[in-house]
Amino acid sequence: MPVTEPMRKSLADTRPVVDFLKGTIPFNELPDQVLEGMVKDIEADFFPKGSVLFKQDETEVTHLLIIQKGGVKLFLKDEEGEVSLKDFRGEGSYVGALPIIQGTRANFTVETVEDTFVLTIPKERFLQLIETHPRFAQFFLKSFSEKFLLNAYRQLRRKRFESRPESALYLFSVQVGEIVKRSPEIIGAGDSIQSAAARMADLHIGSLLVQDQQGAIVGIVTDKDLRNKVVATGLSVSEPVEKIMASPVETIPSHTVAFDALLAMMRKQIHHLAVEKGGKIIGVITTHDIMVLQGTSPLYIFREIVSQRSIEGLYPISRKVPQVIHTLLDEGAKSNNITRMITVLNDHILDRLLTLLQEEMGPPPVGFCWMLMGSEGRKEQTFRTDQDNALLYEDPGDPETAAAAAEYFGRFGRAAIEHLVKCGFPPCPGGIMASNPKWCQPYSQWEAYFRDWITTPEPKEVLHATIFFDFRPGYGDIALGDRLRDFLVDSCPREHIFLFHLARDCLESRPPLSFFKNFIVEKDGEHRNRLDLKKRGLVPFVDFARLLSLKNGLRETNTVERLQALREIGAVSNDLYTETREAYEFQMQLRLVHQMRMLEEGRTPDNHINPADLTEIEKQTLKEAFSVINRLHSVIREMVPMVG
């Protein structure tokens, strides 16, 4: 069906149009004088029912159309040629804004569903309004962001994985307060263990909250406590419950979604959480409650990890992690959910492996901390991320202890890395691992490393060292790692030359978009016609969050958490935070889905996507995400003036 040719007419009486626009969002944000001044550029048009206003990928959009009376429907054709109805729009709605802003042809086919009257605003006039009136522009940009993210996520889920019923999304939507089945059962701290066991048996429950004489909840006793602390040790059942209770009680707000409760239980290695609402405990949820809710749960693999008695037994378990992630992706999990789950599972594998290795080698001469760097340090691991780690140990008090520590931790680091490789974690090509003597050092040497990087920075050294500034303590004496982070938090904000070099490196990255908003891909080689999503898309966001966090003395290492912390202290605006987080998380989602597909096809996961494989909505959303990079660069130039 051909596109209906417009028959625009100038307006004889402009007052009704001004009044109409005053009642139409977002034109009601414009001052009266602006509305009255622009009316001379507005024309009226009429389209009979069944008229095609725009044709997807063909029509050059020269005017924004505002529906004054009537209605239209929007169709989208995918790469397989299938056409689907995407939206209805009626009085006060508009069509044509996105292609005008992005400088593209029509993104939908638009057809009138009845006789329709529209007001037309020339493209140039509309862009001028966007440029000169921030609140007006914010409406369109926010609207596009929300609509395209939602549709793009839906398409990623539908096209990449077999569809699941909506009940599969419960893990990410149901709040823990909704899972609570009964009011909490409470026992006095002075009551006997026997009475607690009898009460739990009568009620067919696995836990009791414990309260003191003032009525305050001071602990929890579970069936596991009865087995491990009473039966296994021969403790008299006449002893008071307070002798075996766990205290304080781990609580979680009632509005927390089930997925976050699951992560909390796995992270803390507990099976019960008290649910709190309005300062009062309203019930207790268990890992079983969530397993029943979900059906297939990561808790199964978690239990395999913590119960493993040999290092070799961890090898096959770690290779099950992608299966868990596939299920979560299928159930609608967003990238932040996925990377947090991968982090928790990998951290438990590391914890169990190093614990078993210590048992095998004997206690170390001094305390130590296993540090996680790069994406591991940022808690942003995807599938089979290369290892980036280091070993930090206490400064020995004498030469003899120093020699013993160097020998022990040298063997420990080499053995741990070998086992991690067998678990499926590839070695770092750059050798940033605890098996490398350079990165297995006492605290004073690590402080010297960081002091040199930030006080006498060499451009190349700073670029190579950025991976270390994302470290987090992963195992052992966590306080030792926290002490090193304290040193950075205190030192970095004062070192302007160091921040200048970091900022300059950030500005080296350019959005992988041409002047005409086409993707810039590899021209030849192994990845011809592909785009490195990590290097070209995600790294600028990671670098931005790191730079501003170090400049502002923040402790966070995760990119999203850094952005949240920057917003909270006012270092970035709410709008920039939302825009940056959405752009970053969509790219992470695209990356995870791409890598999952590669694993399913028996290939080694990488970060090189082919834009031709994306749907139109995915392409447009990715272009929007890339365009945010220029805004981040503007913020960097303002905050680090030396770069300007």
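**Salt bridges in a predicted model**

Arg 472 is buried, its relative accessible area being 12%. The structure is a predicted model, and a search of all of it finds 23 salt bridges. Side chains of opposite charge can pair when their charged atoms come close.

**Arg 472 and Asp 347**
- The side chains of Arg 472 and Asp 347 form a salt bridge, with a distance of 3.0 Å from N to O.
- This pair links distant parts of the chain, as the two residues lie 125 residues apart.
- Arg 472 belongs to strand 19 (residues 472–476), while Asp 347 sits in helix 15 (residues 335–361).
- Arg 472 counts as buried because its 12% relative accessible area falls under the 20% cut-off.

**Arg 631 and Glu 579**
- A salt bridge joins Arg 631 to Glu 579, and their closest N and O atoms are 2.3 Å apart.
- Arg 631 is partly exposed at 35% relative accessibility, and Glu 579 is partly exposed at 30%.

**Arg 597 and Glu 601**
- Arg 597 and Glu 601 make a salt bridge in which the closest N and O atoms are 3.6 Å apart.
- Arg 597 is partly exposed, with a relative accessible area of 34%, and Glu 601 is partly exposed at 45%.

Technical notes
Residues numbered from 1 in each chain as written. Predicted model: local features only at pLDDT ≥ 70, side-chain atom pairs only at ≥ 80, totals over all residues. Heavy atoms only, no water. Salt bridge = Lys/Arg side-chain N within 4 Å of Asp/Glu carboxyl O. Helix = DSSP H or I, 4+ residues; strand = E, 2+ residues; numbered from the N terminus. Buried < 20%, exposed > 50% of the residue type's maximum accessible area, 1.4 Å probe, protein only.
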